[in-house]
Amino acid sequence: MNLNIKIHDQDFVLHPYGAVYWPEQEVMLVADVHLGKVSHFRKHGSAVPLQAASQNFIKLDELRKEFDPEHIVFLGDLFHSSLNLEWNMFEEWKGNIDNQVHLIAGNHDIISPLKYEAIDIKIYSDVKVAGFHLSHHPEEQKDHYNICGHIHPGFKMRGEGRQLLNLPCFFRSKNQLILPAFGEFTGNYYMKPEEGDYIFAITGKEVIQVN
């Protein structure tokens, strides 16, 4: 189940896959997919099933069908490292969609911009639109509200009895919204909210506010 929030009179839909849809701009925001990480693990001997590499594309297509965004903006670290099998999968996926795709480059995005240009993807260092600043790294500013990734935010929630749940989350502060990592096998950095901060945890198939 999605969770709808408002930031500066704009609507944002938080999806359990970790993506955000911004209806006023017809933009879907996705952070830290880290494509290629499955292939990277397999290359170094980890027993990760190859079909895990296709899960990100399945989820992206489900999101496209649900929101039908004009623009898909990846907030950095789209690929984990250099070219591998998953670039071919990404190239095929891009060729089968009609959404405009943009990449705000992150620290892991080392693939040549020419490869992206060849499949009609524009690359930016950051983007400012309608009072919002889209970036990979968290960059709080006085005059723009920052939406970013990079941190892979998570939250430890206590369940029934002594159960401890380690959950990815959206982390909202006064001037910033940090998206969870979209990709598999990325890990979490556990956030400690202060007064005025909000945690929106992803629990299975829903997003819930926990504080």
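Reader: Is His 152 buried or exposed?
Author: In this predicted model, His 152 is buried, with a relative accessible area of 11%, and that places His 152 under the 20% cut-off for a buried residue.

Reader: Okay, and where is His 152 found?
Author: His 152 is found in the loop that runs between strand S10 (145–148) and strand S11 (153–158), and His 152 has a positive phi of about 60° although it is not a glycine.

Reader: What about Ala 130, what is its phi?
Author: Ala 130, which is not a glycine either, has a positive phi of about 55°, and Ala 130 sits in the loop between strand S8 (127–129) and strand S9 (132–134).

Reader: Why does Ala 130 count as partly exposed?
Author: Ala 130 has a relative accessibility of 48%, and partly exposed covers the range between the 20% limit for buried and the 50% limit for exposed, so Ala 130 counts as partly exposed.

Reader: Switching topic, which residues gather in the patch of negative charge on the surface?
Author: That patch of negative charge is made by Glu 26, Asp 68, Glu 70 and Asp 98, which gather on the surface.

Reader: Where does Glu 70 lie, then?
Author: Glu 70 lies in the loop between helix H2 (55–67) and strand S5 (71–74), and Glu 70 is partly exposed, with a relative accessible area of 35%.

Reader: One last thing, how many disulfides does the structure hold?
Author: The structure holds zero disulfides; as for cysteines, Cys 148 counts as buried at 0% relative accessibility, and Cys 169 counts as buried at 0% relative accessibility too.

Conventions. Residues are numbered from 1 along each chain as its sequence is written. This is a predicted model: local features need pLDDT of at least 70, side-chain atom pairs count only at pLDDT 80 or more; totals for chains, interfaces and linings use all residues. Side-chain values use heavy atoms; hydrogens and water are left out. Patches are made of residues with over 30% relative accessible area and no salt bridge: like charges are joined within 9 Å, nonpolar side chains (Val, Leu, Ile, Met, Phe, Trp, Tyr) within 5 Å. Accessible areas come from the Shrake-Rupley method with a 1.4 Å probe; for residues, only the protein chains shown count as cover. A salt bridge is a side-chain nitrogen of Lys or Arg within 4 Å of a carboxyl oxygen of Asp or Glu. Lys and Arg count as positive and Asp and Glu as negative; His and the chain ends are not counted. The place of a charge is taken as NZ of Lys, CZ of Arg, CG of Asp or CD of Glu. Helices (H or I, at least four residues) and strands (E, at least two) are DSSP runs, numbered from the N terminus. Buried means under 20% relative accessible area, exposed over 50%, partly exposed in between (1.4 Å probe, protein chains only). A disulfide is a pair of cysteine sulfur atoms within 2.5 Å.
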